[in-house]
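Try each task yourself before reading the solution.

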Amino acid sequence: MLGALHQHRRLASFTRCSMSAAWSVFALLALSAPGAAQESGAAAACDKLATIAQSGCLEKLANAADAKLNEVYRRAVKTIESSDPDHAAAWKAELKKAQQAWIAFRDADCGALTAYEWSHGTGMGAATEHCILEKTEARTRELASRYSGR
C-alpha cells in the first residue's frame, strides 16, 4: 500500500512548480483543515524548512505517529479482550476491519489525490506527509478516546 506513496515522494523530488503558488495552496489547505489548530510543534518546525527537507522531516513525524497509533491499537485490542471475553474475537475482527478501511481511506486521501491537488509539484511530498501525519494523529486520538478507561 505504501509503495505508491513512496513513488509519489520520489516524484516530488524531481517535479518543479511555482514555489509561491505551491506555498499559497499549502497554506490554504493547512489553515482550512479541521486539525490545523492542533498541529504539533514539531510539524510547525518542519514547515520552516526548505521544501525538500520538509518531506523528510514530516515523514519522520508520520512514522513516529504511526508507531504511536500501533501502540494505541494494541492497547485497544487488550481492552477488548479484558472487557468482553465472550465477544472478544468478533469485536477484534470488527476493529481490524475498521482499521483496514481507515488505512485504505488515509492512503487514498493522502496518495494520488494529494498528488493531483499539488499538480505533482515540489510541495507534493510535504503535503502528502502532512496529510498522513494529520490523519494518523487524529485516528490515534479517536482510538484512545474510545478504548481508554473502559
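Residues are numbered from 1 along each chain as its sequence is written, and side-chain values use heavy atoms, with hydrogens and water left out.

**Exercise 1. Find where confidence is lowest and where it is highest.**

Step 1: Start with the average. The mean pLDDT (the predictor's confidence in each residue, from 0 to 100) is 80, and 73% of the residues reach 70 or more.

Step 2: Go through the helices (DSSP runs of H or I, at least four residues, numbered from the N terminus). Helix H2 (residues 19-32) has the lowest confidence, with a mean of 36, while H5 has the highest, at 98.

Step 3: Look at the start of the chain. Over residues 1-37 pLDDT stays under 50, although the model has 48 contacts (heavy atoms within 4.5 Å) beyond four places in sequence for them. Where pLDDT is low, the predicted coordinates should not be read in detail.

**Exercise 2. Locate the disulfides of the whole structure and describe each one.**

Step 1: Search for pairs of cysteine sulfur atoms within 2.5 Å, the cut-off for a disulfide. The search gives 2 disulfides.

Step 2: Take cysteine 46 and cysteine 57, whose S to S distance is 1.8 Å. Cysteine 46 belongs to helix H3 (residues 41-47) and cysteine 57 to helix H4 (residues 51-83), so this pair ties together parts 11 residues apart in sequence. The S-S torsion is about -70 degrees, so this disulfide is left-handed.

Step 3: Check burial (buried means under 20% relative accessible area, exposed over 50%, partly exposed in between, with a 1.4 Å probe and protein chains only). Cysteine 46 is buried at 0%, whereas cysteine 57 is partly exposed at 22%.

Step 4: Repeat for cysteine 110 and cysteine 131, joined at an S to S distance of 2.0 Å. This pair links distant parts of the chain, 21 residues apart: cysteine 110 is in helix H5 (residues 88-110) and cysteine 131 in helix H7. The link is left-handed, with -70 degrees about the S-S bond. Cysteine 110 is buried at 0%, and cysteine 131 is buried at 12%.

Step 5: Count the bonded cysteines along the chain, and the pattern reads 1-2, 3-4.

**Exercise 3. Classify the aromatic pair of tryptophan 91 and tyrosine 147.**

Step 1: Recall the rule: rings of Phe, Tyr and Trp (its six-membered ring) pair if their centres lie within 6.5 Å; planes under 30 degrees apart are stacked, over 60 edge-to-face, and the rest tilted.

Step 2: Apply the rule. The ring centres are 6.2 Å apart and the planes stand at 45 degrees, so the pair is tilted.

Step 3: Tryptophan 91 is in helix H5 and tyrosine 147 in helix H7, 56 residues apart. Tyrosine 147 is buried at 9%.

**Exercise 4. Describe the surroundings of arginine 139.**

Step 1: Arginine 139 lies in helix H7 (residues 124-147) and is buried, at 6%.

Step 2: Not counting residues up to four places away in sequence, arginine 139 touches Leu69, Leu95, Ala98, Gln99, Trp102 and Arg146. Leu69 is one of the buried residues of H4.

Methods: Helix = DSSP H or I, 4+ residues; strand = E, 2+ residues; numbered from the N terminus.
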